[in-house]
Structures are given as structure tokens and as C-alpha cells.
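The entries follow in the order in which I looked things up.

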Amino acid sequence: ADFLAKMANGIADDLATTALLATDRPILVAPAMNSRMWANPATVRNLALLKASGVMAIGPAHGELAEGEIGIGRMAEPADIVDTIETALDGPLQGIRALITSGPTHEPIDPVRYITNRSSGKQGHAIAAACARLGASVTLISGPSSEADPPGVETVHVETARDMLEACLNELPVDVAICAAAVSDWRPAEAKAQKIKKNRRDGTTSPSLELVENPDILATIGMHGNNRPRLVIGFAAETDEIISYARAKLSAKGSDWILANDVAPHTGTFGGDDNKIHLIKRGAGGASDVEEWPHTSKTEVAAR
Ligand code: C5P
């Protein structure tokens, strides 16, 4: 508990804490302590701080403690610690560059109003975190979202679809692109420099909005001439006829896989923690295969 507190606050008053403060390599902690120390709000807060800055943690486990009590606080089993270290340092995605889009975009109408899509960013951010955990070098291009920047990921914040596209193109070449953002299909043709007034001088009360189409980021990457990633993955959020729309999207957007998810209101997918995926893969000769995934958490979908 003491050591986590020092690490969380950047204290470096012995060799170990000094080495940790001076490293830019991944750090994994395997805490072990008395159960009440573990549950203490100070420890909880310190661990949350460490995790937010990219420190990985394993354990502690439940069992017999040094002081003779039974509870949470035993150091994780050494074999599990070794497994975790191996994945973190030598994960299967080591050397892979991944580009991920997440969240909605905001398309300004005037300085105070915008149009957007429903999206929490939970799925895209979880994918970025999962890729980083498996050793990939990850850039996340995120629209406005209340999700925290994932640990170990370079996160670029953007507002509009056009900004998102530019940020993505700046990252090419990459090995894999995963477009999970809910990009607004349209934007107001002109974003007014001043707030549009409710009571307008010409007597009309409701302004009309002219919309123009936004660039399609997934399609631009999927059909990129020189720098198409080896694997291009898109999402298809549909409320009906999920598979057939997703199949059409696979070829229309030059992607290799489409993860189709059911966002009909009764599913609770929007803003929720769970997702139901149908994976559609581009097959030989224009064919496509469909794989059904169980209804599971967005974190589990990301890992898979
Ligand atoms: O066309 P639709 O929005 O249903 O397609 C969904 C997929 O396309 C998602 O992967 C989404 O991130 C991507 N997309 C995009 N740029 C757009 C529209 C959608 O990258 N302008």
C-alpha cells in the first residue's frame, strides 16, 4: 500500500521508486497487503491513479494472509504474474501499428449548436485499450466522449468528421484500421459565425438547415491506393436487417471485416456496457462469412 502510494505520487526516495519514476517501459504491479489496507479509500484512489497513467496490475488474490486472516490481499500466483508479464512485454500484437476511431463527431450549426450521432465511445475506446494491452502501438482518434483516454494509447481529440479524417490520414501507413466512430453522415453546409437567434428580424422563427455529406472515413481508408492497411475493420449499427446491410457495407466501404451490431432501442447497446456482434468477413470471390458472437461486454468484444 505504501509503495503504490509513492508510485501514484511520483515519490522517488529509494532505488526501486527512483527506477520506476525514470522508466518509460510498461509497469506491472502485483500488490499484496492486508485486506483492510487494500479496501482503504487511499489505496483504491492510488491504484486508480496508477491505472489511469497506464500502470497494469495483477491481483491480489483471495486466501490466507500472512497475519493469519482470510481475505483479499494475497499476492497473485507467480505463474499468473509471469503470464501477464509475457503478454504485456511480448504480446501477440507487438510491432503492429493500429489506428482506431471512436466516439461521435460534432458538426457545428453555429457556435453553440451542433448535430451529432448517439455514441458513448465505449466500444472504440475498449478496442484501443485491448490492442495496447496485446502489445500494439495504438493511435486513437476520438470524437467528443466522456470516456477517459485509454492507458498506453496515443489519443488525438477531434470534433468534426473532416478533422477526424485528416487526423486518420496523418497516421497512415498503419497495419490495421478499426473504425468504431459514429461519424455524422452530414454537416450543416455553413456553420454560422454567430449564434442563430430564436426571434429573427425577418419575422420567420424556424431557420432551415442545408446539409452536405461528410467524407466517409472508413471508405477512404478501405479504398486508399498507396496506404491501405492490411486489415480494415468497420462497424455497422443497424436496427433491422442487420446482416444484409452489413454485407452491403463490407464491399461499399472496401473493408475486410464488418462488426454488425444491433442498436434497436430494446437492446440497450447505445451507452450500455454490452454488445451483440455478428462478424461478417470478406471471403473469396466476393462471398462473405458470418460469425455469431455471444451477447457480451464491450470489453470482451474488444479483446475478441
Ligand atoms: O455508413 P455507416 O455509418 O452505417 O457505416 C458504419 C461504419 O463506417 C463505421 O465503421 C463507421 O465508423 C464508418 N464511417 C466512417 N465515416 C463516415 C461514416 C461511417 O468512418 N462518414
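**Entry 1. A pair across the chain**

I began with E171, which is buried, as its relative accessible area is 15%. For the burial classes I used these cut-offs: buried is under 20% relative accessible area, exposed is over 50%, and partly exposed lies in between (1.4 Å probe, protein chains only). I note that this is a predicted model, in which local features need pLDDT of at least 70, side-chain atom pairs count only at pLDDT 80 or more, and totals for chains, interfaces and linings use all residues. Residues are numbered from 1 along each chain as its sequence is written, and side-chain values use heavy atoms, with hydrogens and water left out.

I then looked up the partner of E171 and found a salt bridge with R97, the closest N and O atoms being 3.7 Å apart. This pair links distant parts of the chain, since R97 belongs to strand β5 and E171 to helix α7 (residues 161-171), 74 residues apart. R97 is partly exposed, with 30% relative accessible area. Here a salt bridge is a side-chain nitrogen of Lys or Arg within 4 Å of a carboxyl oxygen of Asp or Glu. Helices (H or I, at least four residues) and strands (E, at least two) are DSSP runs, numbered from the N terminus.

**Entry 2. Further salt bridges**

How many salt bridges does this rule give? The count comes to 13. I recorded the general point that side chains of opposite charge can pair when their charged atoms come close.

D110 is buried at 2% relative accessible area, whereas R113 is partly exposed at 32%.

K276 and E292 form another, at 3.3 Å from N to O. K276 sits in the loop between β15 (274-275) and β16 (277-282) and E292 in strand β17 (residues 288-292), so the pair ties together parts that are 16 residues apart in sequence. Both residues are partly exposed: K276 has a relative accessible area of 24%, and E292 has 45%.

I also noted a network of salt bridges that links D2, K6 and D13.

**Entry 3. Surface patches**

I next listed patches, which are made of residues with over 30% relative accessible area and no salt bridge; like charges are joined within 9 Å, and nonpolar side chains (Val, Leu, Ile, Met, Phe, Trp, Tyr) within 5 Å. Lys and Arg count as positive and Asp and Glu as negative, while His and the chain ends are not counted.

K195, K197, K198 and R201 make up a positive patch. I checked K198: this residue is in the loop between β11 (186-188) and β12 (211-213), and is exposed at 66% relative accessible area.

E77, D80, D83, E86 and D90 make up a negative patch. D80 is in helix α5 (residues 78-90) and is partly exposed at 39%.

W186, L209 and L211 make a nonpolar patch of about 300 Å². W186 is in strand β11 and is partly exposed at 45%.

Is S102 buried or exposed? S102 is buried, with 0% relative accessible area. S102 belongs to strand β5 (residues 97-102). Leaving out residues up to four places away in sequence, I found that S102 touches G121, G124, H125, L140, I141, S142, G143, M164, A180 and A181, where contact means heavy atoms within 4.5 Å.

Definitions and conventions
Accessible areas come from the Shrake-Rupley method with a 1.4 Å probe; for residues, only the protein chains shown count as cover. The place of a charge is taken as NZ of Lys, CZ of Arg, CG of Asp or CD of Glu.
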